Amino acid sequence: MAAPGNIPSPASDTGYRSLIGPLLLPTWAVIGIFMVLPVLLMAVYSFLTKEFRGGVIWDFTLAAYDQFFVTRGLFGDEPAQIEWTYIAIFWRSIWQAGLATILCLLIGFPTAWFIATRPAQTRGLWLFLITIPYWVNLLIRTVSLKFLIRDNGPLNESLMGIGLIDGPLPLVNTNLAVQLGLFYSYLPFMVLPIYAAVERYNFALSEAAADLYASRWATLREIVLPVVKPGIIGGCILVFVPSLGAFLAPDLLGGAKTFMIGSLIDEQFKGSQGNWPFGAAVAMILMTLVLIVILFYARAQARGVTR
Amino acid sequence: MKGVRHYPGFLALTILCLVVLYAPLAVVAVYSFNGSASITEWGGFSLRWYADVFTGPEAARFGQAAWNSLTLALMAATTATAIATAAALAMLRAGPFRGRQASFALINLPLMVPEIVIAVATLIFFSTIGFTTGYLTILLAHITFCIPFAYLPIAARLEGVEGTYEQAARDLYASRAQAFRLILLPLLMPGVISGWLLAFIISLDDFIITNFVKGAGMETLPTAIFGSVKQGIKPNIMAISTLMLLVSVLFVTAAYLVNRKSRQAPATKWKSS
């Protein structure tokens, strides 16, 4: 999938120069009206006053951000202190997403390398096998995983069948299940960008290193990893960013103790318990985090190009 | 020669990767043929849950949801592909221009903003302008996030087609419209088809954004499945899942074949001869 970064340079003009406006107008109109404008509006909403039963009152306030960061006790009359509830949810989301990224990298890099070093005839088939889950409905994949790992599901049954465990492993509703869900959901996102990088890798570099008595693993560490780094960073972003805001894996595989940002936002827009300005504020904070990650990536890429 | 490419253990990890990716899907596909009404016990091979999908008590609900999903995906993919093709022409065939970088960022924006944020923002937007949530809001949201997915393969293809073919056509007095229709569009077709297929699958796939903007009473296949799964995984859900899995596999295979064919496209043939 697209990593933001390098813009391909335009080919020579073949008569479309005078049409730039009309050709780009639909893109600007659609994405501008139905994405940029809504995000700006969401930013405004995060500073509005909540109305019960969902919706807002147009009175500007910092109440939503105050609710996120500050607590004044149950009755609001104690001195202001840092509110840890929501920060804890963000922190859990960040480490769950980070761990999923590391696990995906540990499995994804060898897989990408292995596929990229297959002969041309079989490489397409391996790649095809990785691509299919990438395009299978994420909801269905998550439900399937839940079916597999539930208390009396096939995994536990067969583990008990071979006598490895006595009772079912309580996987569902744990952080481990959510972790497994994130890892499973976004694993193909890691393999594909790394594959693209390894495919362009010049193996003569490895041969040169081997000629100079570098061990296999030293070659991997000193030569291969620095060269394919853009692909690795791209894969990490593609796993980390959607994991951070994931909704399906924590919602279906987790429970109350495994709450993540996605569920927190979702809850603010459901029924009478909702709080739209607070939901908008949480979404703003999530988006800010993601933008920081992407900026970091863009800078790393820019450095890679100049190197 | 082969030595530097080989790392011990990488094959094992690749197989582990594939097992992780396929095991849950395979288990559900197998259990969708379970003759028993229980999801735990195996009651012999049977197609009863597939029959249940089409004739059972939930058939009408899932049928309507499937129809909504299908028509939405058709319209969203087609519109997004048309918009993305136009954008790709401007981005790659008009030379450098002011606002090119901004346009590139805009096209990729739906890929960079987390889905749940898009969902919240879209809901707030439609509710503020007093737009009733439902079919049309879902369609507009889908068109928007499908644009980058349609754009990627089209732009990749367009980059690979040199401008010389169109210039030759123009030199031979073809109008700009003729040069596009008779020369560029046929060369671009594999990219356009791949882009359309990806946009279609992405639209069919979407749960989070649809769930936020759909409003009461309106369902697509993913939201209907989600609602049903919340009360426990039932055998008919496994049959539906397996059918959707099959659709995805067919689409990916189609995209794969189109891409493979495009490698032998005239553009490359002419170049080499």
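**Entry 1: salt bridges**

I searched the whole structure and found 9 salt bridges over all chains. I counted a salt bridge where a side-chain nitrogen of Lys or Arg lies within 4 Å of a carboxyl oxygen of Asp or Glu.

The model is predicted, so I noted the limits: local features need pLDDT of at least 70, side-chain atom pairs count only at pLDDT 80 or more, and totals for chains, interfaces and linings use all residues. Residues are numbered from 1 along each chain as written, chains are lettered from A and ligands numbered from 1 in the order written, and side-chain values use heavy atoms, without hydrogens and water.

I looked at R221(A) next. R221(A) pairs with E222(A), with the closest N and O atoms 3.6 Å apart. R221(A) is exposed at 52% relative accessibility. E222(A) is exposed too, with a relative accessible area of 52%. For these labels I took buried as under 20% relative accessible area, exposed as over 50%, and partly exposed as in between, with a 1.4 Å probe and protein chains only.

Then I went to K270(A). K270(A) forms a salt bridge with D266(A), and the closest N and O atoms are 2.8 Å apart. Is D266(A) buried or exposed? D266(A) counts as buried, at 10%, whereas K270(A) is partly exposed at 35%.

In chain B I checked R61(B). R61(B) bridges to E58(B), with the closest N and O atoms 3.2 Å apart. R61(B) is partly exposed, at 33% relative accessibility. K234(B) joins E58(B) and R61(B) in a network of salt bridges.

**Entry 2: helices across the chains**

I wrote down an angle and a distance between axes for each pair, as two packed helices are described by these. Axes are lines fitted to C-alpha atoms, for helices over the stretch in contact, and angles run from 0 to 180 degrees between N-to-C directions. Helices are DSSP runs (H or I, at least four residues), as are strands (E, at least two), numbered from the N terminus.

Helix α5 of chain A (residues 138-149) packs on helix α1 of chain B (residues 10-31) at about 80 degrees, with the axes 8 Å apart. The two are therefore roughly perpendicular, a label for angles of 65 to 115 degrees. On the α5(A) side I listed R141(A), S144(A), L145(A), F147(A) and L148(A). Their partners in α1(B) include L21(B), P24(B), V28(B) and Y31(B). Contact here means heavy atoms within 4.5 Å. By class, this contact has 10 nonpolar, 1 polar and 1 charged residues. Ala, Val, Leu, Ile, Met, Phe, Trp, Tyr, Cys and Pro count as nonpolar, Asp, Glu, Lys and Arg as charged, and the others, Gly among them, as polar.

Helix α4 of chain A (residues 120-135) also packs on α1(B), at about 35 degrees and with axes 10 Å apart. Among the residues in this contact are W126(A) and I130(A) from α4(A), and C17(B) and Y22(B) from α1(B).

Most residues other than glycine have a negative phi. I looked for exceptions. N173(A) has a positive phi of about 75 degrees. N173(A) sits in the loop between α6 (154-161) and α7 (175-199) of chain A, and is partly exposed at 45%.

Where is Y173(B)? Y173(B) lies in the loop between α7 (164-171) and α8 (176-205) of chain B. Y173(B) has a positive phi of about 70 degrees and is exposed at 77%.

Note on methods: Parallel < 35°, antiparallel > 145°, perpendicular 65-115°, else oblique.
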